[in-house]
Amino acid sequence: MHALTEKYRHYWQQIGLSEAEIERRRLPLFAEAMELKTAERSPDGREFLLTPAAAAAWKRMKAAASADGAEIHIVSAYRSVERQVQLIAAKLAGKQTLDAVLRILAPPGCSEHHTGRAIDVATGTVRPLDAEFDTTHAFEWLVKHAANFGFTLSFPENNPFGYVYEPWHWCYGESGFGKAGS
Ligand SMILES: [Zn+2]
């Protein structure tokens, strides 16, 4: 039995999710980041945390994008497993079904955001966390250049994990999703 399965099982129970469903979707489990640094602060003072390496890579990438006239900023970075449970519970309380919620939010333990290497990126011209992001200059810039800074898109269209297309979600370093299903 995977040590993380042991660790996360009670979180799945809290939201009424079966372990069989995690296995059926072949979702990789992620450990929470051990060390975090501030990658960025939003204008309203919210702090976005990433691992030291990912935070440094983000700062380099943002500066390079800016030099090319592409504005990018973070709207989500590190997220604890506990926080993931809260987010899902809030949506369930809003009368959404678990299935619907889990197309948008990963089950607790299954979010790349736990690693402190994943970011949701936004740009000024469109609403954050909207597929329309892929029509922006910022997205076009990321597709061309993000790999040079170690970032890759985790959920392209028709990804095998049952998540919606997320042009805004990028991960620094090896994505755990690359290995899923193998
Ligand atoms: Zn994300």
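In what order do the four strands of the open sheet lie? In this predicted model, the order is 3-4-6-5, and the pairing is antiparallel. The legends below take this sheet and other sites in turn.

**Figure 1. The open sheet of four strands.** Strand 3 (73–76) and strand 5 (151–153) stand at the edges. Each of these edge strands has a single partner strand, so one side of each is left without a neighbour in the sheet. On average, and with direction ignored, neighbouring strands of this sheet are turned by 45 degrees against each other. Strands of a sheet pair through backbone hydrogen bonds, in either a parallel or an antiparallel sense.

**Figure 2. The pairing of strand 5 with strand 6.** Three bridges link strand 5 and strand 6, which pair in the antiparallel sense. Thr-152 has Cys-171 of strand 6 as its bridge partner. Cys-171 has a relative accessibility of 0% and counts as buried.

**Figure 3. The zinc site.** The protein donors of the zinc ion are NE2 of His-113, OD of Asp-120 and ND1 of His-169. Along the chain, the donors follow the spacing H-x6-D-x48-H. Asp-120 belongs to strand 4 (residues 118–122) and His-169 to strand 6 (residues 169–172), so this pair ties together parts that are 49 residues apart in sequence. Asp-120 counts as buried at 6% relative accessibility, and His-169 counts as buried at 3%.

**Figure 4. The cysteines Cys-110 and Cys-171.** The structure holds zero disulfides. Cys-110 is in no disulfide, and the nearest cysteine sulfur to it, that of Cys-171, is 14 Å away. Why does Cys-110 count as buried? Cys-110 does so because its relative accessibility is 0%, and the cut-off for buried is under 20%. Cys-171 likewise is in no disulfide.

**Figure 5. An aromatic cluster of Phe-133, Phe-139 and Trp-170.** A search of the whole structure finds six aromatic pairs. The ring centres of Phe-133 and Phe-139 are 5.8 Å apart and the ring planes stand at 70 degrees, so this pair is edge-to-face. Phe-133 and Phe-139 are both buried. Together with Trp-170, these two residues form one aromatic cluster.

**Figure 6. Arg-25 over the ring of Tyr-163.** Arg-25 lies over the face of Tyr-163. The distance from Arg-25 to the ring centre is 4.9 Å.

**Figure 7. The hairpin of strand 1 and strand 2.** Strand 1 (residues 37–41) and strand 2 (residues 47–50) run antiparallel and are joined by four bridges. One of the bridge pairs consists of Lys-37 and its partner in strand 2, Leu-50. Five residues lie between the two strands of the hairpin. Gly-45, in the turn, has a positive phi of about 90 degrees.

**Figure 8. Ile-22 in helix 2.** Helix 2 covers residues 19–24 and includes Ile-22. With a relative accessibility of 7%, Ile-22 counts as buried. Ile-22 and Pro-167 are 145 residues apart in sequence, and their C-alpha atoms are 23 Å apart in space.

Methods: Residues are numbered from 1 along each chain as its sequence is written. This is a predicted model: local features need pLDDT of at least 70, side-chain atom pairs count only at pLDDT 80 or more; totals for chains, interfaces and linings use all residues. Side-chain values use heavy atoms; hydrogens and water are left out. Rings of Phe, Tyr and Trp (its six-membered ring) pair if their centres lie within 6.5 Å; planes under 30 degrees apart count as stacked, over 60 as edge-to-face and the rest as tilted. Buried means under 20% relative accessible area, exposed over 50%, partly exposed in between (1.4 Å probe, protein chains only). A charge sits over a ring if NZ of Lys or CZ of Arg is within 6 Å of the ring centre and within 35 degrees of the ring normal. Donors are N, O and S atoms within 2.8 Å of the metal (3.2 Å for Na, K and Ca); water is not among the atoms, so sites may look incomplete. A disulfide is a pair of cysteine sulfur atoms within 2.5 Å. Two strands pair if DSSP finds at least two bridges between them. Axes are lines fitted to C-alpha atoms, for helices over the stretch in contact, and angles run from 0 to 180 degrees between N-to-C directions.
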